[in-house]
Amino acid sequence: MAYEVNLFPEQIEIKENVRSQDGERYHELAQSMHDHGQLVPIQVYQDPDTDKYVLKFGHQRLKAAKELGWKTIRATVVDAPKSDSDALIHKTMENEARSGMSYMEKAQVYADLIENGKRPSEVAKAFGVTKSVVSVATATLTADPLSLIH
C-alpha cells in the first residue's frame, strides 16, 4: 500500500539512473521547482534487507531539491520491486512515458537487462518492441561509430 512522507534527501539511497541528469530539461525542472515547489512526489521503496529508502522514480527531482538546499522532499513510498530487472523496467517506462528517452539511453537499458539475465525476447516484450529492435539497439552500443554511417 502506497503512502506519502517527507524525507530528508540524505535518507534516500540512490541507485543507478537510466538517463543523464544534465541538459536543458533538467535545468527547466530545477527552475520550476525553485519557482513553484515540488509538484510531483518522488517514489521510493524500503529495502527489505536494510529498511533504507531507495529511490525508484525522481532522480532529477531529488538532485534539484538537493541543489536548491531543500531540507526535505515529498515522497510516495511504494512496494519494493521483485528484482533489479523489474526496477529497471519500471524506471525506463516511467521516463519514457513522461518525457521520452534517447535511443542510446534505451539501448543501454536493454543491454543492462540482458546483462542481468533477461533474454532479448523478454526485454522486447517488456517494452512492446520486437526482438530485432533490442538486438540492433544493443549492437549499436558496441559498434564502431564510422560503421554506422556507411
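Which residues of helix 4 are buried? They are E105, A107, V109, Y110, D112 and L113, where buried means under 20% relative accessible area, exposed over 50%, and partly exposed in between (1.4 Å probe, protein chains only). The model is predicted: local features need pLDDT of at least 70, side-chain atom pairs count only at pLDDT 80 or more, and totals for chains, interfaces and linings use all residues. Residues are numbered from 1 along each chain as its sequence is written, and side-chain values use heavy atoms, with hydrogens and water left out.

**View 1. The whole chain.** Seven helices and five strands make up the secondary structure of the chain; helices (H or I, at least four residues) and strands (E, at least two) are DSSP runs, numbered from the N terminus. Along the sequence the pattern reads β-β-α-β-β-α-β-α-α-α-α-α. Of the 150 residues, 37% are buried. The accessible surface is about 9,100 Å², and carbon and sulfur atoms account for 53% of that area; areas come from the Shrake-Rupley method with a 1.4 Å probe, and for residues only the protein chains shown count as cover. Among contacts (heavy atoms within 4.5 Å) between residues at least 6 apart in sequence, 75% join residues at least 24 apart.

**View 2. Strand 3 and its partners.** Strand 3 (residues 42-46) runs parallel to strand 5 (residues 73-78), and four bridges join them; two strands pair if DSSP finds at least two bridges between them. In this pairing I42 stands opposite A75. Strand 4 (residues 53-57) is antiparallel to strand 3 and is also joined to strand 3 by four bridges, with Q46 opposite Y53. Strands 3 and 4 form a hairpin with six residues between them, and D51 in the turn has a positive phi of about 65°.

View 3. Helix 4 (residues 103-115) has 13 residues and reaches 18 Å from its first C-alpha to its last, close to the 18 Å expected at 1.5 Å a residue; the expected span is 1.5 Å times one less than the number of residues. G117, which follows helix 4, has a positive phi near 105°. T138 is in helix 6 and counts as buried because its relative accessibility is 19%. Leaving out residues up to four places away in sequence, T138 touches A107, Y110, A111 and I114.

**View 4. A nonpolar surface patch.** Y103, M104 and V136 make a nonpolar patch of about 290 Å². Patches are made of residues with over 30% relative accessible area and no salt bridge; like charges are joined within 9 Å, and nonpolar side chains (Val, Leu, Ile, Met, Phe, Trp, Tyr) within 5 Å. V136 lies in helix 6 (residues 131-142).

**View 5. Salt bridges.** Three salt bridges are found in the whole structure, each defined as a side-chain nitrogen of Lys or Arg within 4 Å of a carboxyl oxygen of Asp or Glu. E4 and R74 meet at 3.5 Å, N to O. This pair links distant parts of the chain, with E4 in strand 1 (residues 3-7) and R74 in strand 5, 70 residues apart. E4 is partly exposed at 46%, as is R74 at 24%. K63 and E67 form a salt bridge with their closest N and O atoms 4.0 Å apart; the two are separated by about one helical turn because they are four residues apart in helix 2 (residues 59-67). K63 is partly exposed at 22%, whereas E67 is exposed at 56%. R119 and E122 meet at 3.8 Å, N to O; R119 is exposed at 52% and E122 partly exposed at 30%.
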